[in-house]
Each structure stands twice: as structure tokens, then as C-alpha cells.
Amino acid sequence: MSVARLDPMIHAPARLTLVSLLAATEWADFKFLRDSAGLSDSALSKQLTTLEQAGYVKIRKGFVGKRPRTWVQLTKLGRVAFMAHVAALQEIVEQAGASVRAG
Amino acid sequence: MTQQTGSEQAAAALEEIDQRQRQVIDQALVPRWFWWMVGVGMVAVGAVADTGQTRYIVAAAFTYALLVAAVSVWFIAGRARARVHSELLGAQAAVAILAFVYVVVGLSLAVAFRLKAGHVAHPGTFGTLVGAVLVIAGGPMLMSVLRRIMLAKRATSMR
């Protein structure tokens with residue numbers, strides 16, 4: 001069954017949102033992710049740390065002028081996992097559609 | 001988990017992915033005021049070109065190029081809080097951008113030289129005016145073409 005191929009690291013709602021945002025970017029900054037996902041600073045940090053520990057994202061800290069900024073990037077591993085997750089979701093939807101048509 | 005619930009959850013997850021990727025794409029598009037700035041600047045340079053004063057023409061062209069470059073860099077590197085993945089743009093987008101630039105520059109120059117050959121006054125101003133109209137009207141159209149290209153290439157469309 002396709003459900004077995006869903007990635008639990010990505011399937012959690014907050015992380016699905018973050019990985020979806022990151023998959024469309026080369027990089028995104030912390031504030032963009034926080035505002036887009038509607039998460040608090042601490043909730044975002046927690047989710048990013050989890051993704052970083054899984055090797056799905058890379059976090060880089062630096063400065064723009066005197067302002068500290070944090071950039072987040074989806075790693076190759078994270079991108080591959082995301083694509084596999086999307087493919088699994090699509091398969092589930094298509095199978096359901098096929099079984100409804102067959103019925 | 002029943003298959004019905006599974007498929008509903010999967011569809012909801014795909015919808016979430018789709019919405020979030022649209023969010024990234026939309027924030028990356030150049031706003032309307034940028035095209036107005038480019039267009040109005042073009043006409044200003046064209047008007048200066050009509051004076052025939054090389055010094056002024058060089059200074060105006062240099063200032064204009066610097067202004068457009070500075071605003072572009074600010075928009076891309078400073079203001080932007082996320083950079084769209086290059087795979088979403090690809091060759092199709094590059095062709096669309098180059099075609100747009102080619103049409104704007106080509107038509108502006110063609111009109112200006114034609115007017116000059118016909119001894120019409122202010123050929124530079126009128127030539128760049130044509131270019132400015134194309135930029136102001138076509139810039140947002142180019143953005144919607146790029147948006148369509150990126151939306152077609154985003155993850156949820158990949159099979």
C-alpha cells in the first residue's frame with residue numbers, strides 16, 4: 001500500500017508546510033518561513049531543528065549589514081524525500097479515484 | 001485508517017503543498033511600480049539623447065543603468081526573503097525574458113531610427129516612449145507568463 005511510502009518526517013502538518021515552501025526555493029530566510037507558515041519563532045526553530053537532524057535542511061546564520069539573519073535550504077536528501085512524498089500522495093489520490101470509478 | 005480518509009488526507013496535503021508553493025512564487029514576482037520606473041527612466045534617457053550632447057547622454061544612460069541595477073539587486077538580494085528555485089524557471093523563462101527585452105529594445109530603436117530618418121523632431125523621446133509603453137504594459141504580462149511557467153513546474157505538477 002502506498003501509505004507506507006509517506007515520509008513521517010514530512011507528513012507532520014507544520015513540517016509539510018515548511019518543506020513545501022523550501023522545495024520551491026533555493027533558500028528562504030527564517031522570517032519568511034515564520035510568517036508564511038504562521039508559526040512562532042520557537043515552534044519554527046523546533047521544527048527546523050528536527051528537519052536539520054534528519055538531514056533534510058541546512059541552516060546558515062549570517063548578517064545583512066548589522067542585522068542577523070538565518071537562511072534555510074532544503075538539502076538534496078530533503079528534496080528527494082519531498083518528491084517521493086508528493087508522488088506517494090498523488091498515488092493515493094489517484095488510486096482512490098480509480099476505485100471510485102471502478103465501483 | 002480507511003482508504004477514504006487516507007485519500008482525503010492525501011488530497012488535503014497536496015492542496016497544502018500547492019498553496020505554499022504558490023506563496024513562494026507570488027512573493028518573487030516583480031511589482032508593477034518596477035516597470036513604471038524602467039519605462040519612465042527610458043523616456044528620460046531618450047529625451048536626453050535628443051539633445052545630442054554626448055556628455056549628457058553618457059551621464060543619463062549611466063545613471064539609468066545604475067538605478068535599474070541597484071533596484072534590481074535590492075529587490076532580489078535585499079528585499080526578497082526567499083529565492084525561487086532555479087528549476088522552476090529554467091530555459092523557458094530565460095527565453096521569455098530575452099524575447100521581452102529583444103522586442104522592447106528592438107522596437108524602440110526601430111521607431112527612433114525611422115523617425116530620425118524622416119527628420120521628425122525628438123526621435124529618441126518617441127522611440128523610448130514606445131519602449132516605455134511596452135515595458136509598462138508588457139512587464140506585468142511577462143510576470144504572469146513567468147508565474148504560469150513556475151506553477152507548471154512546481155512539485156505537485158511533477159508526475
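This is a predicted model: local features need pLDDT of at least 70, side-chain atom pairs count only at pLDDT 80 or more; totals for chains, interfaces and linings use all residues.
## Aromatic pairs in chain B

Over all chains, the count of aromatic pairs comes to four. One of them joins B:Trp33 and B:Phe34 in an edge-to-face arrangement, with 6.5 Å from centre to centre and 65° between the planes; this angle is classed as edge-to-face because it is over 60 degrees.

B:Trp74 is itself partly exposed, with a relative accessible area of 44%. Taken as a group, B:Trp33, B:Phe34, B:Trp35, B:Trp74 and B:Phe100 are linked into a cluster by ring pairs.

A further contact of an aromatic ring involves a charge: the charged end of B:Arg55 sits over the ring of B:Tyr56, at 5.7 Å from the centre of that ring.

## Overall form of chain B

Chain B has five helices and one strand, and along the sequence these elements follow the pattern α-α-α-β-α-α. The radius of gyration of chain B is 21 Å, well over the 15 Å that the globule rule gives for 159 residues, so the chain is more spread out than a compact globule. The C-alpha trace of chain B spans about 80 × 30 × 20 Å along its principal axes, and the C-alpha atoms of B:Ala11 and B:Pro123, 112 residues apart along the chain, are separated by 58 Å. B:Ala11 lies in helix 1 of chain B and counts as partly exposed, at 36% relative accessibility.

Of the 159 residues of chain B, 38% count as buried. The chain exposes about 9200 Å², of which carbon and sulfur atoms supply 70%. Among the contacts in chain B with a separation of 6 or more, 81% are accounted for by residues 24 or more positions apart.

## Strand 1 of chain A and its partners

Strand 1 (residues 25-29) of chain A is largely enclosed by the rest of the structure, because four of its five residues are buried. This strand has a partner in the other chain, for three bridges join it to strand 1 (residues 82-84) of chain B, and the two strands run antiparallel; within this pairing, A:Thr25 has B:Val84 as its bridge partner. Strand 1 of chain A is also joined by two bridges to strand 3 (residues 67-74) of chain A, again in an antiparallel arrangement, and here the bridge partner of A:Ala28 is A:Val72.

Helix 2 (residues 13-23) of chain A is likewise mostly covered, with nine of its 11 residues buried. The buried residues of this helix include A:Arg15, A:Thr17, A:Ser20 and A:Leu21.

## B:Val24, a buried residue touching both chains

B:Val24 is found in helix 1 (residues 3-28) of chain B and is buried, with a relative accessible area of 0%. Leaving aside residues up to four places away in sequence, B:Val24 touches A:Leu21, A:Ala24, A:Thr25, A:Phe32 and B:Val84. Two of these contacts recall the strand pairing described above, in which A:Thr25 and B:Val84 are bridge partners. The C-alpha atoms of B:Val24 and B:Arg81, 57 residues apart along the chain, are separated by 9.6 Å.

## Two histidines in a loop of chain B

The loop between helix 4 (86-117) and helix 5 (123-153) of chain B contains B:His119, which has a positive phi of about 55° although it is not a glycine. B:His122 is placed in the loop between helix 4 and helix 5 as well, and it too has a positive phi of about 55° without being a glycine. As to accessibility, B:His119 counts as exposed at 74%, while B:His122 is partly exposed, with a relative accessible area of 49%.

Definitions and conventions. Residues are numbered from 1 along each chain as its sequence is written. Chains are lettered from A and ligands numbered from 1 in the order in which they are written. Side-chain values use heavy atoms; hydrogens and water are left out. Rings of Phe, Tyr and Trp (its six-membered ring) pair if their centres lie within 6.5 Å; planes under 30 degrees apart count as stacked, over 60 as edge-to-face and the rest as tilted. Buried means under 20% relative accessible area, exposed over 50%, partly exposed in between (1.4 Å probe, protein chains only). A charge sits over a ring if NZ of Lys or CZ of Arg is within 6 Å of the ring centre and within 35 degrees of the ring normal. Two strands pair if DSSP finds at least two bridges between them. Contact means heavy atoms within 4.5 Å. The radius of gyration is taken over C-alpha atoms; the globule rule is 2.2 Å times the number of residues to the power 0.38. Accessible areas come from the Shrake-Rupley method with a 1.4 Å probe; for residues, only the protein chains shown count as cover.
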